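Thanks, everyone, for making the time. I would like to go through one interface with you, so please have the sequence and the structure in view as I talk.

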Amino acid sequence: MFENLTELRPALKKLVAALDEKFKFASVLAVSERFRSWRASRSGISIGSAGVRGFGFVIRVFDETGCAEYSINEFSEEMIPKIVSEMETRLAEEKAALPDGVTPLETKIPEDTPAVIRKEASYKIDPIEMGDEAILVLLNRIREKGMETEGILDMMVNVSCSAERKIFLSRNRDLDETHMWTNAAIVALAMRGEEVKDYFRPYSILGGAELLEEMEKDVPSVTKAVLELLDSEPMIPGEYDCICTPDVTGMIVHEAFGHGVEMDMFVKDRALAKQFIGEYVASPLVTMHDGSAMNESATWSFDDEGTPTGDTIIIDHGILRTGMCDALSGMRLGVAPTGNGRRESPERKAYTRMTNTYFEAGESTVEEMIASIDYGFLLDNPSSGMEDPKNWGIQCMVNIAREIKDGKLTGRIFSPIVLTGYVPDLLKSVSMMSGKIELSGCGFCGKGYKEWVKVSDGGPYMKARIRLG
Amino acid sequence: MEKRILDLLNKAGIEEYRITFFTERTAELFFVKKQLDTRRIKDVAKYLVTVFRIEEKGGEKLKGAIDVMVLSSMSDDEIVKAFKDAYFAAQFALNPYYDAPKPVTAAPAFKTGRLAELAPEKAAGLMAEALFAADNAEGAFINSAEVFISKKTMRIVTSTGTDVSWTDAKASGEYVVQAKEPEDVEMYRQFAYTELETEELTRQVKEQLTFIHDRARAERILKSGNYDLILTGENTAEVLSFYLSRSSAYMIYPGYSRWAVGDDVQGEAAGEKMELTLRAKAPYSGEGIPMIDRKLLDKGELKLAHGGARFCGYLGLEPTGDYDSFSCDNAGSMSFEEMKKRPCLWAVTFSDFQMDAFSGHFGGEIRLAYLIDGEKAIPVTGGSVNGSLLEAQKDIVFSTDRFKSEHYSGPYAMMLRGVAVAGTDAE
């Protein structure tokens, strides 16, 4: 895979050398993605091949105005003089058009300490080799099995696989990695009157089509859940003892807290967390990680700015230790970057972004957690969330709240549910964690309302006090 | 490159295809307060080829389609192989047959106006100037901002005879406004214009700086209950987008929506009956279908199901192309100021306001709302809205004040009766 980048590597090195003569620093990130998706639903069968990252190059330079970038998707050695000329001319024009009063944000030139990385993707079954026909036969079988259940409007089954190669070159760095993730989902729909309810079961792996083996067995539980939703009741607003499934824990980790410790927000004074470094922000049961220690969809050896990744402990037994950081923010804050400079595609800017973000496990069993609640809810099936780094407000949506009374699930279902409140209040109220963590890498994360990057998040079952509406 | 792709499609023996040629040039500016964080430029050219395969199986005519992204750096042999692989794969993605859109040939449609004519780098500077022009409010300021100027060319060529092309230009971005006293708070806002709307951007920033001033002194006193809820601007557009989604052939064909042309989709309504029009943002759809403005709802009655060739074809309808822009043509029955003269909750901003086209539910966490008792308007924050449009559509009031954005034009405000709100009293 990706021989095209192998052929271009010598010319890319020449490009960096040519830019080094004109600018204070130069680097290039080359990206090539092979994407394929398969889907079966009432709308029909489809095979897609347009991924998010595509094929392209980001050329980064530093001049007296600071950091500047040029994104292109066509490159050859013959184009080097034109690229250098375009960057000199248009970046100067862009600077000249700036309104009065705008000054450069002071940024040090990257140290560019030497690094060499070579890493190949790990997978058992390449979905492309498994073949379109075999995958669609499987998806249709899963779908037909779901459609046998009375009351199901539709059963959408989809799989997507992204294989990607990234090369980062600067004067002192030569990084090269291939990577493959596969995602899948079963979505059941049921209808009553004009209202359509849906239930979503995601699957993800840092790997290939070996993921698909576990899907079929879940069909009965997915169809049961969506039919239960037809009889769901609106939530009575209030603060309750809640148990979050690992998916919901992951959404709280990611949306409610993770975005608030992205350190480009520290540079902008947009994150309340900046004032709480070294302080208790959560229960001592809470330890939070981000990085490449776990093998999930967002595990890379280096980020989109050429910074090696690692395991960042954000919260250590309740104490906020650090945030996660991209290279530019690190230089502005005077801290080491953590390998979290990520881009939606080679056509976009890098920001501080999460990778695999999760809470560590505890020691309780799920049964003990349910039994500990007099009245409350088991929250399941997250649907969306939104960050609020400035004020640590929570907005997360879940599809299902299962009522717990006197330590037992009653069978009553409430939906849809909005989780609100103040993040540290929720995290400080965490009183139990289950003994096993699960991560889900099926989603893409936006920064605000754009800049979608692949992430995973998760944790154990978590008991906390949460305001529901 | 265009001729090369056509020649190679011929060489690969592909009889039905659609080629989309796309180029984009951008200038982008990123600010932290009034300091330049990063500046970027972009030049990309993309060639997307959709390969169709038509077959008959068991007496049924079927059609499959696979996209191929062609790179200029690919060799002829690689491109031909990619086309042949796509044609092979299409046999596994066969669906009921549908006709290709009617062929259209036309002279290129060039976007005119100052935004289209200026170099993106220059236009980016002018939009940045407009953005910061309002940044002189007392106690409130722009925390950070991003400005994007994009100039695009599109050409669609199909094996069935379509050959259309057009250019487009867009100025878009986002900014965060902040106030530090008495509480340190911020609000996020996006903008998108098809012209160089510098004055409108300055006006919008000024308005946001006023809102953030109130947000800083907003109290967490909202009680749970049912409120007459006022939504404004983009939130009005988000709720009304329900009708756009539910009337799409994409939702009707698989049965996710049971709407049919002629249905009174709003049902018995004590308030306004909906008047909506689909608005064409580009001269052609991604399939090369000419896009025109089309009436969608007339007094709540569905006049049209809309969509591309495949799903409209399945429903026996003329394809309209895919719309993401609409207007609400209701003139409104009272001014926004009159609307606020009765007890209500005006929810100005949410952390993320969403309308679910499947369930009909809308909601989000409130960042700034005004609790209005008919006289005073008290800024409040916290709590969440959780409403059902299927219920609320029975009694909607629109303002006579108007609002226009990239995807919507129509009443600035709508009032929905008795919407459930979870207050901060439960904290």
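This is a predicted model: local features need pLDDT of at least 70, side-chain atom pairs count only at pLDDT 80 or more; totals for chains, interfaces and linings use all residues.

Let me begin with the side chains of Lys42(B) and Glu347(A), which meet in a salt bridge at 3.0 Å, N to O, where the term stands for a side-chain nitrogen of Lys or Arg within 4 Å of a carboxyl oxygen of Asp or Glu. By that rule, 15 salt bridges are found across the interface of chain B and chain A. Side-chain values use heavy atoms, with hydrogens and water left out, residues are numbered from 1 along each chain as its sequence is written, and chains are lettered from A and ligands numbered from 1 in the order in which they are written.

On the side of chain B that touches chain A, strand S2 (residues 35-57) gives the most, with 13 residues; strands here are DSSP runs of E, at least two residues long, numbered from the N terminus. That side of chain B, taken as a whole, divides into 33 nonpolar, 23 polar and 29 charged residues, with Ala, Val, Leu, Ile, Met, Phe, Trp, Tyr, Cys and Pro counted as nonpolar, Asp, Glu, Lys and Arg as charged, and the others, Gly among them, as polar.

As for extent, the contact (heavy atoms within 4.5 Å) takes 85 residues from chain B and 84 residues from chain A.

Notes:
Helices (H or I, at least four residues) and strands (E, at least two) are DSSP runs, numbered from the N terminus.
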